[in-house]
Amino acid sequence: LGRFYSLILAFMAAMLGVVLAGNVITLFVFWELTSLTSYLLIGFDHGRAASRSAALQALLVTGTGGLALLAGLLLLGGAGGSFELAALLSQGDAVRSHPLFLPMLLLILVGAFTKSAQVPFHFWLPNAMEAPTPVSAYLHSATMVKAGVYLLARFSPIFGPTDAWHYLVTLAGTTTMLAGAFLALWQADLKRILAYSTLSALGALVLLMGLDTALSVKAAMVFLVAHALYKGALFQVAGTVDHETGTRHLGKLGGLARAMPITATAAGLAALSMAGLPPLLGFINKELLYEANLQAPRA
């Protein structure tokens with residue numbers, strides 16, 4: 001427990017660093033620290049080959065994306081004349097007119113897409129379900145996988161007004177949203193079902209950031225909070241079921257509501273929120289999602 005709490009608190013500090021950083025190089029340092037602590041948490045049960053393999057895969061994918069992000073941030077700092085976020089946000093015109101605008105955009109998007117598991121970088125997230133369930137609930141539904149969405153939100157004032165941003169980000173988000181939902185249908189493991197549905201939610205968030213309207217950003221922020229709440233709860237339910245029954249396989253489970261009524265109630269409420277039924281928060285985020293897409297300007 002001591003090792004587990006130390007690692008998860010270290011991750012929490014790194015995640016806070018990403019969100020609070022006012023300098024893009026500082027942001028990158030904390031960004032990489034989240035990948036490193038995630039690697040240690042996914043491979044927490046290091047005696048199992050599957051845990052070690054999943055941890056290494058996540059580190060390689062997100063670490064490679066981090067290197068692309070660093071290159072993009074260096075180009076962005078050169079184009080904007082500063083590495084301070086506040087200064088860069090005021091230099092949008094200079095950045096958009098720079099001859100290396102498209103390469104810096106592509107590099108930054110690779111960094112964001114690998115962290116938020118967008119297609120074709122999505123495969124590491126379902127495999128990361130080898131982690132202990134609290135790690136899956138905290139890192140892989142509520143925080144780390146949202147870092148890419150946060151990055152898109154931070155840089156949308158600079159890149160958002162361009163067609164390249166609109167088409168690349170909405171295409172990645174739409175593809176991931178549909179692929180995650182489709183792949184979830186064929187899963188029998190509770191945590192993998194939740195992982196693929198998380199992929200779909202991440203795709204929807206990225207799609208909203210690609211639309212780059214005031215309503216789409218509002219919808220994305222509400223969706224981000226609502227998804228963290230209901231998906232974190234569902235991951236914890238899956239962990240509780242696994243702990244009490246010894247399995248997460250749907251074919252071996254059934255009739256648990258009577259034996260675990262509190263867990264069943266929590267699962268039902270979280271699932272209803274995920275389905276978007278009123279009066280739960282998931283209903284509000286789904287309505288905003290539909291409204292933002294319906295009101296988005298058409299090319």
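These are my notebook entries on what I looked up in this predicted model.

**Ground rules**

I number residues from 1 along each chain as its sequence is written, and my side-chain values use heavy atoms, with hydrogens and water left out. Since the model is predicted, local features need pLDDT of at least 70 and side-chain atom pairs count only at pLDDT 80 or more, while totals for chains, interfaces and linings use all residues.

**Entry 1: the whole chain**

I started with secondary structure and got 15 helices and zero strands. Helices here are DSSP runs of H or I with at least four residues, strands are runs of E with at least two, and numbering goes from the N terminus. The radius of gyration is 19 Å, close to the 19 Å from the globule rule for 299 residues, so the chain is as compact as a globular protein of that length. For the record, that radius is taken over C-alpha atoms, and the rule is 2.2 Å times the number of residues to the power 0.38. Along the principal axes, the C-alpha trace spans about 65 × 45 × 30 Å.

Next I looked up burial: 49% of the 299 residues count as buried. Buried means under 20% relative accessible area, exposed means over 50%, and partly exposed is in between (1.4 Å probe, protein chains only). I put the accessible surface at about 13,000 Å², with 70% of it belonging to carbon and sulfur atoms. Those areas come from the Shrake-Rupley method with a 1.4 Å probe, and for residues only the protein chains shown count as cover.

Contacts came next (heavy atoms within 4.5 Å). Of the contacts with a separation of 6 or more, 74% are between residues 24 or more positions apart.

Then charges: I have 16 positive and 12 negative side chains, and the centres of the two sets lie 7 Å apart. Lys and Arg count as positive, Asp and Glu as negative, and His and the chain ends are not counted. Each charge is placed at NZ of Lys, CZ of Arg, CG of Asp or CD of Glu.

**Entry 2: helix H8**

I wanted to know how many of the ten residues of H8 are buried. Seven are, so this helix (residues 133-142) is largely enclosed by the rest of the structure. My list of the buried ones reads Thr133, Val135, Ser136, Ala137, Leu139, His140 and Ser141. They pack against H1 (2-20), H2 (24-42), H7 (124-127), H11 (190-211) and H12 (214-245).

Gly111 sits in helix H6 and is buried at 0% relative accessible area. What does Gly111 touch, leaving aside neighbours within four places in sequence? I found Trp31, Gly65 and Leu69. I also checked Thr64, which is 47 residues from Gly111 in sequence but 8.0 Å away in space, C-alpha to C-alpha.

Ser116 is in the loop between H6 (101-115) and H7, and it counts as buried at 1% relative accessibility. Its side chain reaches the backbone nitrogen of Gly148 at 3.2 Å. I count that as a polar contact: a pair of N or O atoms within 3.5 Å where, within protein, one must be able to donate a hydrogen and the other to accept it, and residues adjacent in sequence count only if both atoms are side-chain atoms. Beyond four places in sequence, the contacts of Ser116 include Val145, Lys146 and Leu202.

Ala117 is in the H6-H7 loop too, buried at 0% relative accessibility. Its phi is near 55°, a positive value in a residue other than glycine. I also noted Pro120 in this loop, joined to Val119 by a cis peptide bond with omega about 10°.

**Entry 3: Thr176 in H10**

Is Thr176 buried or exposed? At 1% relative accessibility, Thr176 counts as buried; it lies in helix H10 (residues 163-184). The Thr176 side chain reaches the backbone oxygen of Ala172 at 2.8 Å. Leaving out neighbours within four places, Thr176 contacts Ala117, Gln118, Val119, Leu199, Ser200 and Gly203.

**Entry 4: two more backbone spots**

A reminder to myself: most residues other than glycine have a negative phi, and most peptide bonds are trans. Asp212, in the loop between H11 and H12, has a positive phi of about 55° although it is not a glycine. At 28% relative accessibility, I log Asp212 as partly exposed. The peptide bond from Pro278 to Pro279 is cis, with omega near 5°, and Pro279 is in the loop between H14 (261-275) and H15 (281-295).
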